[in-house]
Amino acid sequence: MKPFRLENALPVDMTIPDPSLVCLIGAAGSGKSTWASTWPDTQVLELDRFRALVSDNAGCQEATDDAVFALQAVLEARLARRKMTVVDATNCEQAVRANLIATARRHGVPTVALVIPTPASVCVERQEGQPANRRVPERVVLAQHAAMVNAWPGLPAEGFDHVVVAENLYRLETLLQRVSDAWRADLGWDGGEGLGDLLLVRRYSGSEALRMWRWRDGSQLADGDRVAEIRLGADRVILAQRNDVDGAGDIGFEALVGCPDDGECEGTAWVPVHNATDLLHALTGELMHDPDVRCTVHGSREDDDQEDDPEGRADLEEQYADAVRA
């Protein structure tokens with residue numbers, strides 16, 4: 001296979017106008033999505049994402065034609081508005097690139113070929129860590145890489161206004177600036193309200209739960225500690241913010257669960273939660289199996305008693321789920 005060399009191939013070009021259509025060119029596993037992430041999400045049209053949108057499976061090759069159709073429609077709409085647009089796909093086929101160039105010309109938007117010449121061996125090696133539905137066969141990766149190498153000298157003649165090699169670009173500052181701006185907004189350092197006490201919540205529950213999070217200030221359910229709930233329709237998880245976990249001064253959360261010893265217990269049973277998976281298990285009752293469950297009436301959970309009565313445990317679990325949904 002002919003190697004890719006930067007020297008003496010084309011004049012160095014680091015020009016990426018705004019707006020422009022940026023066409024990423026590289027084999028699967030070359031790092032295209034990493035480069036694409038240096039632009040805002042709204043500016044990136046990723047073919048795998050469109051496959052997922054039309055088929056629920058980003059690796060479904062049978063959905064490629066429909067995905068390309070949908071991507072093309074969005075591309076036309078963005079370029080008609082003269083919006084910066086990055087097409088994140090292998091784009092190793094000349095016919096694919098020709099269509100992108102023609103689309104940009106119809107809207108008077110300059111075109112940029114952004115070549116990502118990651119060695120073929122690295123591209124192949126990276127497939128090993130991919131999920132099964134995203135793993136590209138070695139022969140396909142090598143063919144894509146060879147096509148990229150062969151296309152490189154002729155890219156200006158194809159009609160690209162600028163031909164840029166990833167190694168010549170300075171995009172880290174752009175990426176970090178966006179990350180920094182988002183972080184400052186979360187903290188309220190940009191003059192806004194920020195997330196405030198929800199910063200800690202996000203660390204434990206993830207961003208998706210924030211919109212459903214409600215503090216229940218004034219509740220005495222947790223012996224004076226702050227109480228909150230994550231609620232959607234008839235479902236809810238009740239939590240307490242503990243400000244002195246294990247007596248070490250750490251802050252954490254506990255979820256309200258059913259008492260593992262007595263389904264008729266009038267006390268409250270709590271168990272530590274550390275992540276969104278724990279929240280799910282608290283909702284379904286599975287967290288009642290946790291050895292750290294602590295009931296205000298019965299004390300800590302006794303593992304042996306629970307193991308000896310699996311049917312009773314299942315009944316308690318069902319009773320708790322019914323109570324939470326009440």
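The structure is a predicted model, in which local features need pLDDT of at least 70 and side-chain atom pairs count only at pLDDT 80 or more, while totals for chains, interfaces and linings use all residues. Residues are numbered from 1 along each chain as its sequence is written, and side-chain values use heavy atoms, with hydrogens and water left out.

We may begin with the helix pair. Helix 3 (residues 64-80) and helix 4 (residues 94-106) have axes that come within 9 Å and cross at roughly 30°; helices (H or I, at least four residues) and strands (E, at least two) are DSSP runs, numbered from the N terminus. Axes are lines fitted to C-alpha atoms, for helices over the stretch in contact, and angles run from 0 to 180 degrees between N-to-C directions. Helix 3 and helix 4 are therefore roughly parallel (an angle under 35 degrees). On the helix 3 side, Q72, L75, E76 and L79 meet N99, L100, T103, A104 and R106 of helix 4, contact meaning heavy atoms within 4.5 Å.

Turning to the sheet, seven strands form an open arrangement in the order 6-7-8-9-10-11-12, with antiparallel pairing (two strands pair if DSSP finds at least two bridges between them). Strand 6 (213-215) and strand 12 (299-300) are at the edges with a single partner strand each, so one side of each lacks a neighbour in the sheet. Helix 9 (residues 198-205) packs on this sheet, touching strands 6, 8 (235-245), 9 (250-257) and 10, and its direction makes about 65° with that of strand 9. Within the sheet, W270 stands opposite R294 in strand 11.

Terms used. Angles under 35 degrees count as roughly parallel, over 145 as roughly antiparallel, 65 to 115 as roughly perpendicular and the rest as oblique.
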